[in-house]
Amino acid sequence: MRLLVKAPAKINLSLDVLHKRSDGYHEVEMVMTTIDLADRIELTNLSDDTIKILSHNRFVPDDGRNLAYQAAHLLKEKLNIKKGVAISIDKVIPVAAGLAGGSSDAAATLKGLNRLWDLGLSMDELAELGAEIGSDVSFCVYGGTALASGRGEKIKHLPAPPNCWVILAKPTIGVSTADVYKNLDLKNIQHPDTSAMVSALEHGNYRDICSNLGNVLESVTLDMHPEVSQIKDQMERFGADAVLMSGSGPTVYGLVQYESRLHRIYNGLRGFCDQVFAVRMLGD
Ligand SMILES: C[C@@](CO)(OP(=O)(O)O)[C@H](O)COP(=O)(O)OP(=O)(O)OC[C@H]1O[C@@H](n2ccc(N)nc2=O)[C@H](O)[C@@H]1O
Ligand SMILES: Nc1ncnc2c1ncn2[C@@H]1O[C@H](COP(=O)(O)OP(=O)(O)O)[C@@H](O)[C@H]1O
């Protein structure tokens with residue numbers, strides 16, 4: 001039997017870091033939402049007790065380092081399952097981009113195997129398992145829009161943002177999330193107003209969402225990679241309503257409400273960047 005599952009990317013509408021914890025992780029407050037840019041995961045039962053990863057993307061590991069592999073392995077270990085699965089990943093989300101592509105593949109694998117193997121786990125149980133794989137996996141299990149706290153695994157659901165377009169531009173560099181957190185100067189942070197962002201979502205107020213976008217990791221990645229700053233400037237100049245780097249970067253996204261402006265920004269950015277996408281918010 002085989003099953004197809006979509007694994008959508010996320011963007012951070014806001015990302016704040018409160019302090020560094022004794023376990024080495026950072027305590028965060030992030031508002032995240034899913035967008036219509038998705039990997040496609042195909043799960044096929046195997047007759048032997050193995051996990052196989054298939055992907056044509058050379059940046060996607062095909063062994064135990066793959067987060068989708070880790071998701072299948074975790075389910076097998078926890079529930080003592082003696083079954084095998086082939087996980088085919090059609091990669092659309094850029095890798096190491098701040099868009100949680102790997103985390104979403106893991107979440108889709110947890111949800112897909114829950115159905116394929118008829119495990120009967122609830123979404124909350126899957127999200128709890130996901131947190132063992134990575135900080136963003138719990139959010140990816142639910143998708144939609146949420147305030148994530150703790151190290152990212154505590155999820156409070158929020159209403160979807162009003163309908164708009166998201167333009168994404170990913171420079172050719174890849175960024176290590178661990179390096180970005182390591183280079184963050186905790187004494188010199190300009191905190192975004194998380195409650196103003198939550199309130200903007202609760203009121204469906206697009207203008208307030210735009211004016212409250214903020215990410216404390218942005219300046220860290222910008223210092224390491226000045227080309228990210230150039231893309232931000234271009235996106236602003238071409239007329240996006242608001243522009244921010246997602247997660248630890250280096251992907252920059254712009255929000256646009258009117259389709260007429262979308263084409264101008266998209267075509268303008270294609271001159272600077274190989275990977276440019278114009279997609280809708282998914283949000284719920
Ligand atoms: C920055 C964010 C924002 O959504 O996403 P990305 O840019 O990776 O998409 C997340 O916090 C990333 O989540 P994720 O990529 O799942 O991180 P993990 O695998 O759990 O951790 C990778 C490394 O990042 C650091 N880390 C991660 C999360 C956190 N709250 N504090 C940390 O210090 C740790 O050094 C950890 O070893
Ligand atoms: N299924 C996967 N897809 C993409 N990258 C993966 C996957 N599994 C593991 N990785 C590894 O995770 C790292 C981070 O990838 P990704 O999740 O795309 O980025 P980010 O954490 O910035 O959102 C990559 O360097 C890659 O080697």
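Mentor: Apart from neighbours within four places in sequence, Pro-94 is in contact with Leu-99, Gly-101, Lys-170, Thr-251 and Gln-275. Keep in mind that this is a predicted model.

Trainee: Thanks! Where is the place of Pro-94?

Mentor: Pro-94 sits in the loop between β4 (84-90) and α2 (101-116).

Trainee: Does Pro-94 count as buried or exposed?

Mentor: The idea is to count C-beta atoms around a residue: 20 or more others within 10 Å make it buried, and 12 or fewer make it exposed. Pro-94 has 24 C-beta neighbours inside 10 Å, so it counts as buried.

Trainee: What does UniProt place at Pro-94?

Mentor: An unreviewed UniProt entry places the feature "binding site" at a list of residues, among them Pro-94, Gly-101, Gly-102 and Ser-104.

Trainee: Let us take Ser-104. Which helix does Ser-104 lie in, and which residues is it in contact with?

Mentor: Ser-104 belongs to helix α2. Setting aside neighbours within four places in sequence, its contacts are Ala-7, Pro-8, Ala-9, Asp-39 and Cys-140. Ser-104 counts as buried because 30 C-beta neighbours lie inside 10 Å.

Trainee: Now the ligands. How many residues surround ligand 2, and which are the closest?

Mentor: There are 20 residues around ligand 2, and the closest are Asn-66, Leu-67, Gly-101, Gly-102 and Asp-105. Helices α1 (67-79) and α2 each supply at least two residues of that shell, and α2 gives the most, with 4. By residue type, the shell has 10 nonpolar, 8 polar and 2 charged members.

Trainee: Why does ligand 2 lie between domain 1 (2-158) and domain 2 (165-280)?

Mentor: Look at which domains supply the shell. Both domain 1 (2-158) and domain 2 (165-280) give residues to the shell around ligand 2, so it lies between them.

Trainee: And which residues are closest to ligand 1?

Mentor: Ligand 1 is surrounded by 19 residues, with Gly-134, Ser-135, Arg-151, Gly-247 and Ser-248 the closest. The elements giving two or more residues to this shell are β1 (2-20), β2 (26-46) and α5 (177-182). The shell around ligand 1 divides into 7 nonpolar, 10 polar and 2 charged residues, and domain 1 (2-158) and domain 2 (165-280) each provide at least three.

Methods. Residues numbered from 1 in each chain as written. Chains lettered and ligands numbered in written order. Predicted model: local features only at pLDDT ≥ 70, side-chain atom pairs only at ≥ 80, totals over all residues. Near = placed C-beta within 6 Å. Nonpolar A, V, L, I, M, F, W, Y, C, P; charged D, E, K, R; others polar. Domains from an automatic or database assignment. UniProt positions renumbered as here; feature names shortened; annotations may be inferred. Contact = placed C-beta atoms within 7 Å.
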